[in-house]
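Open the model in your viewer and keep the selection tool at hand. This tour tells you what to pick next and what you will find there.

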Amino acid sequence: MTETDELLYEVDAEGIARITLNRPQARNALTFAMYERLHDLGRAIDADPAIRAVVIQGAGGRAFAAGTDIAQFRAFSTAEDALAYERFMDRVLGALERCAKPTIAAIAGACTGGGAAIAASCDLRIASRDARFGFPIARTLGNCLSVANLRRLSALVGAARVKEMIFTARLVEAEEARAIGLVSEVVEDAAALAERATELARLVAGHAPLTLAATKEGLRRVRDEAPSEAGDDLILQCYTSADFREGMEAFLGKRPPRWQGR
């Protein structure tokens, strides 16, 4: 086992890797260092022939991940900070998507923002009955999703559903997530989720790895048409706005934001 305080990693004797987001006191909100470690693990797992499947999960049973730790954004001061952040996120999520090994997101509790983006980048998603999935940014921070993230979500549930989720800022509950294809299975609780994730990982680990890798990469190529940079103007419009600064400070100050549209 290799571990840091905030991210745990282990590989068992069957070649199943487990990545645990480990900040339960913050609902597993991710720091930039955690994202960087996730990127590095994605690359390392891809290069390791002994690994046959990957499970990503959150510690504590209350959340998969509640997104990026909002305090990380306080250091943003320029337009380039916003673009660099979204490019960084695309690099992290891209490492998961391009990893040839099948990835399974085991989702319990809150799965929002960057956490939901990680789950959407996995090949399979299963959830406990208390899972909640979404991007409530129109109500909280006033930022936006990158074109790459919109593309991922649209490929899963369709553009109309993505609009509805973001415009209403609501969280999709587990049974609805299964009905719309966001997750493939719903189990009763965190204990059942851990058991089913292991069972599913063993199943896919026993299948032809080249078939799985070719299917994964082929579908990614079918989906990806517009370059990620196509949305840079939209990122700057949101991240450099007074509303984004207000949303961040309101979130951290636990008060409602006062939107101005600028």
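Start by selecting Phe76. This residue is buried, with a relative accessible area of 11%. Keep in mind that you are looking at a predicted model.

**Stop 1: an aromatic tie**

Look at the two rings. The centres of Phe76 and Tyr239 are 6.4 Å apart and the planes are at 35°, so the pair is tilted. Trace where each partner sits. Phe76 lies in the loop between E5 and H2, and Tyr239 lies in helix H9 (residues 232–239), so the pair ties together parts that are 163 residues apart in sequence.

Phe32, Tyr35, Phe73, Phe76, Tyr85, Phe88, Tyr239 and Phe244 form one aromatic cluster. In total, 12 aromatic pairs are counted. Pick out Phe32 and Phe88 from the cluster. They form an edge-to-face pair, 5.9 Å centre to centre, with 70° between the planes. This pair also links distant parts of the chain: Phe32 is in helix H1 (residues 32–47) and Phe88 is in helix H2, 56 residues apart. How do the two differ in exposure? Phe88 is buried, with a relative accessible area of 15%. Phe32 counts as partly exposed because its relative accessibility is 27%, and buried means under 20%.

**Stop 2: the whole chain**

Zoom out. The protein chain has 10 helices and 11 strands. Its radius of gyration is 18 Å, close to the 18 Å that the globule rule gives for 262 residues, so the chain is as compact as a globular protein of that length. Along its principal axes, the C-alpha trace spans about 55 × 35 × 35 Å. Of the 262 residues, 49% are buried.

**Stop 3: the nonpolar cores**

In soluble globular proteins, nonpolar side chains tend to be buried together. Which residues have the most contacts inside the largest nonpolar core here? Select Ile19, Ile45, Phe64, Phe73, Ile107, Ile118 and Phe133. The core they belong to has 62 residues. Helix H2 (residues 79–98) gives the most to this core, with 8 residues.

Centre on Ile19 and show its neighbours. Leaving aside residues up to four places away in sequence, Ile19 touches Leu7, Leu8, Tyr9, Leu38, Leu41, Ile45, Val54, Val55, Ile56 and Gln57.

**Stop 4: a sheet and its helix**

Select the strands E5, E7, E9 and E10. They form an open sheet in the order E5-E7-E9-E10, with mixed pairing. Strand E5 (63–65) and strand E10 (172–173) are the edges, and each pairs on one side only. Look between them. Strand E7 (residues 110–112) and strand E9 (residues 132–134) run parallel, joined by 3 bridges. Ala110 stands opposite Arg132 in E9. Next, show helix H3 (residues 114–121). H3 packs on the sheet and touches E5, E7 and E9, and its direction makes about 85° with that of E7.

**Stop 5: helix H4**

Move to residues 147–157. Which residues of helix H4 are buried? They are Ala148, Asn149, Arg151, Arg152, Leu153 and Val157. What covers them includes H2, H3, E9, helix H5 (159–168) and helix H8 (209–223).

**Stop 6**

Select Asn28, in the loop between strand E3 (16–21) and H1. Asn28 is not a glycine, yet its phi is positive, about 60°. Is Asn28 buried or exposed? At 0% relative accessibility, Asn28 counts as buried. Then jump to Lys254, in the segment after helix H10 (242–252). Its phi is near 55°, also a positive value in a residue other than glycine. Lys254 is exposed, with a relative accessible area of 77%.

**Last stop: a span across the model**

Finish with Leu203, in helix H7 (residues 190–205). Leu203 counts as partly exposed, at 45% relative accessibility. Draw a line from Leu203 to Arg161. The two are 42 residues apart in sequence and 31 Å apart in space, C-alpha to C-alpha.

Conventions:
Residues numbered from 1 in each chain as written. Predicted model: local features only at pLDDT ≥ 70, side-chain atom pairs only at ≥ 80, totals over all residues. Heavy atoms only, no water. Core = buried A, V, L, I, M, F, W, Y, C linked by side-chain atoms within 4.5 Å. Buried < 20%, exposed > 50% of the residue type's maximum accessible area, 1.4 Å probe, protein only. Helix = DSSP H or I, 4+ residues; strand = E, 2+ residues; numbered from the N terminus. Contact = heavy atoms within 4.5 Å. Pairing = 2+ DSSP bridges. Axes fitted to C-alpha atoms, helices over the stretch in contact; angles between N-to-C directions. Phe/Tyr/Trp six-rings, centres within 6.5 Å; stacked < 30°, edge-to-face > 60°. Rg over C-alpha atoms; globule rule 2.2 N^0.38 Å.
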